[in-house]
Amino acid sequence: MTKYLISFPSAAMVVPEGEWEAVGRDAHAVIDKAKAAGVYVFGGGIDEGVPPVLVAADGAVSEGGYPWAPRLDGGFTVLELPSREEAVAWAARIAKACRCDQELRVFGFDPQS
């Protein structure tokens with residue numbers, strides 16, 4: 001089985017006023033279905049209220065992430081599925097619930113982790 005990363009950047013979620021409660025309800029319902037199906041690994045979102053820091057090999061800490069990299073934000077879900085077709089189907093369910101397109105990638109899971 002392959003682990004798939006399904007994600008979206010924060011800017012992709014353009015939700016009309018008054019629909020946020022429905023989005024939350026619908027998104028949680030999809031995750032509950034993934035858990036019931038036994039395919040849910042983990043998920044969540046980047047806490048944008050806590051700025052990133054860059055930690056060097058010597059333990060030195062500097063404010064901000066890589067200055068050349070795009071900002072990392074948004075939400076993600078990792079599911080373990082038998083095929084890419086099933087991953088696309090789950091990504092479509094999440095897209096419908098979240099009211100935004102989802103990026104789908106194979107998650108390079110390290111079995112020794």
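Guide: A residue is called buried when under 20% of its relative area is accessible, exposed when over 50% is, and partly exposed in between. Please also keep in mind that this is a predicted model.
Visitor: How many aromatic pairs does the structure hold?
Guide: The structure holds 3 aromatic pairs. One of them is formed by Phe 42 and Phe 76, an edge-to-face pair with 6.0 Å from centre to centre and 75° between the planes. This pair links distant parts of the chain, since Phe 42 is in strand E2 and Phe 76 is in strand E5, 34 residues apart.
Visitor: And what about the rings of Tyr 66 and Trp 68?
Guide: Their centres are 5.0 Å apart and their planes stand at 40°, so the pair of Tyr 66 and Trp 68 is tilted. Trp 68 itself counts as exposed, because its relative accessibility is 67%.
Visitor: Which residues form an aromatic cluster?
Guide: Phe 42, Phe 76 and Phe 107 form one aromatic cluster.
Visitor: Switching topic: which charged ends sit over rings?
Guide: The charged end of Lys 35 sits over the ring of Tyr 40, 5.1 Å from the ring centre, and the charged end of Arg 93 sits over the ring of Trp 90, 4.2 Å from the centre of that ring.
Visitor: Now helix H1, which of its residues are buried?
Guide: In H1 the buried residues are Ala 22, Val 23, Ala 27, Val 30, Ile 31 and Ala 34. They cover an arc of only 165° around the axis, which means that they lie on the same side of H1.
Visitor: Why would residues three or four places apart point the same way?
Guide: An α-helix has 3.6 residues a turn, so residues three or four places apart point the same way.
Visitor: What do the buried residues of H1 pack against?
Guide: They pack against strand E2 (40-45), strand E5 (75-81) and helix H2 (84-98). The face of H1 turned away from the buried side carries the exposed residues Glu 21, Arg 25, His 28, Lys 33 and Ala 36.
Visitor: How far apart are the end C-alpha atoms of H1?
Guide: They are 24 Å apart, which agrees with the 24 Å that the 17 residues of H1 (residues 20-36) should span at 1.5 Å a residue. Just after H1, Gly 38 takes a positive phi of about 75°.

Conventions. Residues are numbered from 1 along each chain as its sequence is written. This is a predicted model: local features need pLDDT of at least 70, side-chain atom pairs count only at pLDDT 80 or more; totals for chains, interfaces and linings use all residues. Side-chain values use heavy atoms; hydrogens and water are left out. Helices (H or I, at least four residues) and strands (E, at least two) are DSSP runs, numbered from the N terminus. The expected span of a helix is 1.5 Å times one less than its number of residues. Buried means under 20% relative accessible area, exposed over 50%, partly exposed in between (1.4 Å probe, protein chains only). The arc is that of the directions from the helix axis to the C-beta atoms. Contact means heavy atoms within 4.5 Å. Rings of Phe, Tyr and Trp (its six-membered ring) pair if their centres lie within 6.5 Å; planes under 30 degrees apart count as stacked, over 60 as edge-to-face and the rest as tilted. A charge sits over a ring if NZ of Lys or CZ of Arg is within 6 Å of the ring centre and within 35 degrees of the ring normal.
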